[in-house]
Amino acid sequence: MTKVQLYLKGLSYSQTQSGAYALVLGEDVQNRRLPIIIGGFEAQSIAMAVEYEMAVPRPLTHDLFKSFAETFGIEITEVVIHKLEEGIFYAYIVCHQGDQEVLIDSRPSDAVALAIRFNCPIYTTEEILEKAGVVLENPEQSNRPIHTDKTSTNEPEKKTSLTNKTTEQLKKMLQKAVETEDYELAARIRDEMNRREQKNNY
């Protein structure tokens with residue numbers, strides 16, 4: 001398995017799915033991005049870990065996990081998004097306690113929230129990037145802001161129907177979504193294209 005290191009590139013409120021966010025991971029110098037749709041709680045936890053000045057009066061779940069791990073001498077050394085099945089990403093967390101190494105299954109959103117807190121690398125595989133990644137036409141495009149303020153966004157728009165689009169239309173839509181950095185729409189288009197490809201392979 002060839003691992004590729006990813007970095008947090010953006011986080012924005014979904015305009016089409018209430019309570020959902022688009023988490024955007026990407027390579028450091030290349031122009032490939034891996035968008036993942038996550039829940040509101042996890043998005044808020046990631047945003048608060050990035051914005052260090054956003055102190056909370058009581059620890060969030062991921063903060064509690066970090067305190068628990070550190071108390072018992074457990075260190076998280078890396079997280080890996082290692083599998084994609086039917087549009088669902090799977091991850092694991094690599095933990096060390098002394099000489100013992102343990103892999104713990106995790107959702108990617110939780111894994112990223114902990115990776116930021118433990119300042120450890122995030123990885124995926126070449127296979128997942130090839131299958132689910134999107135490529136920016138212009139590598140200099142700005143990254144989506146870390147943003148979770150629902151009140152400053154527009155009301156969620158009606159979802160664009162993708163099932164009645166041709167593959168060529170989807171490809172053009174995907175290109176436009178990437179150019180405008182609408183990674184949430186890009187992720188849905190990518191999933192629809194992958195679904196069709198899997199169906200054709202049967």
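Which residues of H3 are buried? In this predicted model, the buried residues of H3 are Pro108, Ser109, Asp110, Ala111, Val112, Ala113, Leu114, Ala115, Ile116, Arg117 and Phe118. The legends below begin with the whole chain and then turn to H3 and other sites.

**Figure 1. Overview of the chain, with its six helices and eight strands.** In sequence order the elements run β-β-β-α-α-β-β-β-α-β-α-β-α-α. The chain has 202 residues, and 43% of them are buried. Among contacts with a separation of 6 or more, 59% join residues 24 or more positions apart.

**Figure 2. Close-up of helix H3 (residues 108-118).** Of the 11 residues of H3, 11 are buried, so the helix is largely enclosed by the rest of the structure. The buried set includes the charged residues Asp110 and Arg117. It also includes Ala111, Ala113 and Ala115. Two helices that pack against H3 are shown in the next two views, H1 and H2.

**Figure 3. Packing of helix H1 (residues 40-50) on H3.** Two packed helices are described by the angle between their axes and the distance between the axes. For H1 and H3 the angle is about 15° and the axes lie 9 Å apart. An angle under 35 degrees counts as roughly parallel, and H1 and H3 are therefore roughly parallel to each other. The crossing of H1 and H3 is left-handed. On the H1 side the contact is made by Glu42, Ser45, Ile46, Ala49 and Val50, and on the H3 side by Ser109, Asp110, Val112, Ala113, Ile116 and Arg117. By residue class, the contact of H1 with H3 consists of six nonpolar, two polar and three charged residues.

**Figure 4. Packing of helix H2 (residues 61-71) on H3.** The axes of H2 and H3 are 10 Å apart and meet at an angle of about 55°. H2 and H3 are therefore oblique to each other. Their crossing is right-handed, whereas that of H1 and H3 is left-handed. His62, Asp63, Phe65, Lys66, Ala69 and Glu70 of H2 touch Asp110, Ala113, Leu114, Arg117 and Phe118 of H3. The contact of H2 with H3 is made up of five nonpolar residues, one polar residue and five charged residues. Asp110, Ala113 and Arg117 of H3 take part in the contact with H2 and also in the contact with H1.

**Figure 5. Asn119, in the loop between H3 and strand E7 (122-125).** Most residues other than glycine have a negative phi. With a relative accessibility of 72%, Asn119 counts as exposed. Phe118 of H3, by contrast, is buried.

**Figure 6. Glu86, in the loop between strand E4 (75-85) and strand E5 (88-97).** Glu86 is not a glycine, yet has a positive phi of about 50°. Its relative accessibility is 73%, so Glu86 counts as exposed. The C-alpha of Glu86 is 8.0 Å from that of Asp191, although 105 residues separate the two in sequence.

**Figure 7. Asn194 in helix H6 (residues 183-201).** Asn194 has a relative accessibility of 11% and so counts as buried. Ala132 is 62 residues away from Asn194 in sequence, while the distance between their C-alpha atoms is 8.2 Å.

**Figure 8. The cysteines Cys95 and Cys120.** A disulfide is a covalent bond between the sulfur atoms of two cysteines. The cut-off applied here is a pair of sulfur atoms within 2.5 Å, and by this rule there are zero disulfides. The closest cysteine sulfur to that of Cys95 belongs to Cys120 and is 9.0 Å away, which is too far for a bond. Cys120 is likewise in no disulfide, the nearest cysteine sulfur being that of Cys95. Cys95 counts as buried because its relative accessibility is 6%. Cys120, at 10% relative accessibility, also counts as buried.

Terms used
Residues numbered from 1 in each chain as written. Predicted model: local features only at pLDDT ≥ 70, side-chain atom pairs only at ≥ 80, totals over all residues. Heavy atoms only, no water. Helix = DSSP H or I, 4+ residues; strand = E, 2+ residues; numbered from the N terminus. Buried < 20%, exposed > 50% of the residue type's maximum accessible area, 1.4 Å probe, protein only. Axes fitted to C-alpha atoms, helices over the stretch in contact; angles between N-to-C directions. Parallel < 35°, antiparallel > 145°, perpendicular 65-115°, else oblique. Left-handed = near helix turned anticlockwise from the far one by under 90°. Contact = heavy atoms within 4.5 Å.
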